[in-house]
Amino acid sequence: MSIELDFMAVLAEWPMLLRGAAWTLGLTAISAVLGVALGIACAWARTEGAAPLRWVVGAYVELIRNTPFIVQLFFIFFGLPALGLRLSPEWSSVIAMVVNLGAYAAEIVRAGVQATPKGQVEAAMSLALTRAQTFVHVVLPPALRRVWPALVSQIIIVMLGSAVCGQIATQELSYAANLIQSRNFRAFEAFIIATLMYLLMAMAIRHVLNRVGDRFLFGGRRG
Amino acid sequence: MSDTDQNNNGAAVSIKGLRKSYGSNEVLKGIDLEVRPGEVIAIIGKSGSGKSTLLRCVNGLEVFQHGELQVQGQPLVYQDAAAMRSLRQRVGMIFQQFNLFPHLSVGRNVMLAPGLVKKEGGAALEERAKQLLARVGLADKFSAYPDQLSGGQQQRVAIARALAMNPGILLCDEITSALDPELVGEVLGVVESLAAEGMTLLMVTHEMGFARKVSDRVIFMHQGRVHEVGPPAELFAAPRTPELQQFLASIH
Amino acid sequence: MVDFTLWDIVRNLLLAARWTVVLSLIAFVGGGLVGLALLVLRSLDKPWLQRLVAGYVQLFQGTPLLMQLFLAYFGLALLGVETSAWFAASLALTLYTSAFLTEIWHGCVRAVPRGQWEAAQSLALSFMEQMRHVVLPQAGRLAVAPTVGFLVQVIKGTALASVIGFVELTKAGTMITNATFEPFLVYSCVALMYFALCYPISHYSRVLEGRLHVRH
């Protein structure tokens with residue numbers, strides 16, 4: 001039995017593939033920034049907020065972490081219009097990714113914050129800093145440093161999960177691959193190439209974010 | 001040295017009948033103490049005698065249940081965050097574990113609180129920070145990071161950091177206990193110069209020689225009470241109670 | 001236009017949820033067995049085998065599960081194998097689960113202190129005996145909480161099988177939405193059902209983690 005694979009038919013469509021990859025990276029970049037910001041806000045709420053706020057954030061985190069991303073995406077794209085909120089595929093994808101990453105980032109950042117040595121907070125309090133100032137200037141930077149690898153991993157997980165957004169016609173990489181194979185019937189080849197591109201993007205993102213973390217977040221301190 | 005109001009007829013710290021418990025365990029059983037401005041008080045005693053707890057009550061890190069505590073004429077109001085912050089601008093604290101902020105340089109450590117709390121800024125703040133660091137003998141370490149410094153150096157930075165807020169009172173909680181012996185002297189030297197300049201100091205310490213040399217009064221605490229009080233010459237040379245005699249014997 | 005009651009919707013979703021559970025169990029058990037085999041391979045003292053397993057793990061952890069499902073589906077078709085959504089989904093999810101579980105368990109084995117290995121060696125136990133009687137029981141205790149926790153990821157992963165036509169809870173949701181034009185209601189029910197499946201398991205995993213720390 002001979003299998004005939006024709007990768008060139010897929011690689012010929014490289015502009016479409018690259019465009020899809022660019023979309024994936026763009027979606028990931030926006031979601032990473034907003035999602036981590038949301039996660040930090042939630043971590044703050046859970047450690048410093050009033051009880052009702054803590055409960056709401058806790059419920060949000062548990063809901064997102066215990067339901068599949070594809071269902072969250074479909075809910076936003078298909079479900080919200082029934083309430084009058086109609087969003088484009090791209091906006092739906094970004095919002096779904098931000099909401100998803102935010103919940104995981106909330107837990108990750110909260111763990112980092114809770115690992116703060118008590119003495120740091122006492123020193124900040126003794127210097128008359130407010131609770132907000134203490135959180136932003138004394139607690140958060142070392143906490144982010146502590147959990148940076150976990151945050152990077154979660155960002156990559158969200159990037160890989162964004163492949164599903166192609167199902168609602170967001171023109172990212174999996175959509176591009178699907179489109180290509182629907183035209184030239186080279187499904188296996190198309191998806192192999194797309195998969196390898198995802199793998200490369202995952203490795204590249206990890207490398208870049210680790211460098212970014214080292215240089216910008218940690219005030220130039222290494223390791 | 002202090003930029004707060006001069007309360008000449010008032011004590012720097014006034015403690016009356018202070019009692020504190022952790023749950024059912026009473027650790028401070030009625031403390032009475034008046035500290036005059038510019039006075040240097042050394043607090044000594046066995047571990048568990050309540051010395052650190054008492055110190056931490058003065059700047060509100062510990063909450064007491066009964067009694068009165070006033071700092072520069074103002075009672076402590078725990079529920080009022082603004083009042084507590086105002087208190088902590090007037091009372092500085094140095095910790096046994098230094099507690100420098102590891103992600104900030106030495107200079108930024110010193111400048112952080114004045115910048116945020118007193119809204120000082122710019123070149124003036126940086127200049128003042130450099131002067132403070134020079135005062136503790138670390139002028140050349142402005143851009144260094146805490147993990148590049150020895151314990152003694154870190155503690156001196158901590159002192160500069162506390163001084164940056166211009167407190168009238170400084171609380172020192174066993175500030176040399178975590179230091180290698182050869183580094184203790186450099187820190188005590190800075191404290192001694194602060195005392196000479198008229199800073200009000202409350203020090204929990206195990207350094208008896210230093211306490212004898214620098215303090216105006218020594219307080220010996222035992223099981224949550226002030227057991228003996230007096231000038232160092234009297235207390236060390238002629239301990240009256242068996243507990244203090246035992247304590248002094250055990251540390252020599 | 002046929003009128004659908006809430007119960008109609010829920011009943012059909014529940015029926016489909018059965019397949020979510022079945023697929024999850026297949027992937028979890030199958031993935032566990034493959035993962036265990038990989039774990040043993042990894043602990044043999046052969047660097048090339050270790051690199052191979054590490055590469056396998058990186059492949060499954062560094063690529064989208066959706067792509068893995070597509071590759072299983074179309075790859076099997078290429079090989080001339082009779083491909084059903086069942087077979088492709090089971091295969092992809094089993095391999096996916098095996099990679100993650102073997103990595104989790106590998107971490108647990110590494111977490112057993114070196115001194116335990118050395119003590120066992122000093123007692124003249126063979127390698128397999130060291131594993132069986134000293135290391136694996138301790139690693140196993142550490143592994144229970146994260147393994148249970150990963151079951152939640154598997155259940156969520158089955159939702160992607162809907163994309164290759166496997167009729168489980170999510171696919172049923174899509175189909176019912178198309179029939180009833182009630183996307184908000186239907187997908188809310190779908191989400192709640194996944195939550196009902198996953199949350200108790202997540203909670204239990206946290207309880208197990210707590211127990212582990214208390215014991216020490």
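Predicted model: local features only at pLDDT ≥ 70, side-chain atom pairs only at ≥ 80, totals over all residues.
## Tour of chains A, B and C

Start in chain C: H1(C) passes H4(C) in a right-handed crossing. For your selections, residues are numbered from 1 along each chain as its sequence is written, while chains are lettered from A and ligands numbered from 1 in the order in which they are written.

**Stop 1: chain C, two crossing helices**

Select residues 6-43 of chain C for helix H1 and residues 85-111 of chain C for helix H4. Their axes come within 6 Å and cross at roughly 45°. (Axes are lines fitted to C-alpha atoms, for helices over the stretch in contact; angles run from 0 to 180 degrees between N-to-C directions.) H1(C) and H4(C) are therefore oblique to each other. (Under 35 degrees is roughly parallel, over 145 roughly antiparallel, 65 to 115 roughly perpendicular, and the rest oblique.) Color the contact of H1(C) with H4(C) by class: 12 residues are nonpolar, 11 polar and one charged. (Ala, Val, Leu, Ile, Met, Phe, Trp, Tyr, Cys and Pro count as nonpolar; Asp, Glu, Lys and Arg as charged; the others, Gly among them, as polar.)

**Stop 2**

Next, select residues 127-158 of chain C, which form helix H6. This helix spans only 38 Å between its end C-alpha atoms. A straight helix of 32 residues would span 46 Å at 1.5 Å a residue. (The expected span is 1.5 Å times one less than the number of residues.) Where does H6(C) bend? Center on Val135(C), where the bend is about 45°. (A bend is the angle between axes fitted to the seven residues ending at a position and the seven starting there.) Pro137(C) follows within four residues.

Now show the whole of chain C. Chain C has eight helices and zero strands. (Helices, H or I of at least four residues, and strands, E of at least two, are DSSP runs numbered from the N terminus.) The C-alpha atoms of chain C fill a box of roughly 80 × 50 × 25 Å along the principal axes.

**Stop 3: chain A against chain C**

Chain A holds nine helices and zero strands. Its C-alpha trace spans about 75 × 45 × 30 Å along the principal axes.

Which chains share the most contacts? Of the two pairs of chains in contact, the answer is A and C. (Two residues are in contact if their C-beta atoms, placed from the backbone, lie within 7 Å.) Here 32 residues of chain A meet 29 residues of chain C. On the chain A side, select helix H3 (51-65), helix H4 (69-79), H7 and helix H9 (187-217); each supplies at least two residues. H9(A) gives the largest share of that side, 10 residues. By class, the side of chain A that touches chain C has 23 nonpolar, seven polar and two charged residues.

**Stop 4: chain A, H6 and H7**

Stay on chain A. Select helix H6, residues 118-126, and helix H7, residues 131-161. Their axes come within 10 Å and cross at roughly 135°. H6(A) and H7(A) are therefore oblique to each other. The crossing of H6(A) past H7(A) is right-handed.

Show side chains for the contact:

- From H6(A): Gln120(A), Val121(A), Ala124(A) and Met125(A).
- From H7(A): Thr134(A), Val138(A) and Val139(A).

The contact of H6(A) with H7(A) has five nonpolar, two polar and no charged residues.

**Stop 5: chain A against chain B**

Bring in chain B. The contact takes 19 residues from chain A and 20 residues from chain B. H6 and H7 of chain A each supply at least two residues of the chain A side. That side of chain A has nine nonpolar, seven polar and three charged residues.

How far apart do the closest C-alpha atoms of chain B and chain C lie? They are 23 Å apart, and no contact joins the two chains.

**Stop 6: chain B, H3 and H4**

Finish inside chain B. Select helix H3, residues 106-117, and helix H4, residues 122-135. The axes of these helices of chain B come within 9 Å and cross at roughly 125°. H3(B) and H4(B) are therefore oblique to each other. H3(B) passes H4(B) in a right-handed crossing. Display these residues of the contact:

- From H3(B): Val106(B), Gly107(B), Val110(B), Met111(B), Pro114(B) and Gly115(B).
- From H4(B): Leu125(B), Glu126(B), Ala129(B), Leu132(B) and Leu133(B).

The contact of H3(B) with H4(B) divides into eight nonpolar, two polar and one charged residues.

Notes
Left-handed = near helix turned anticlockwise from the far one by under 90°. Expected span 1.5 Å × (residues − 1).
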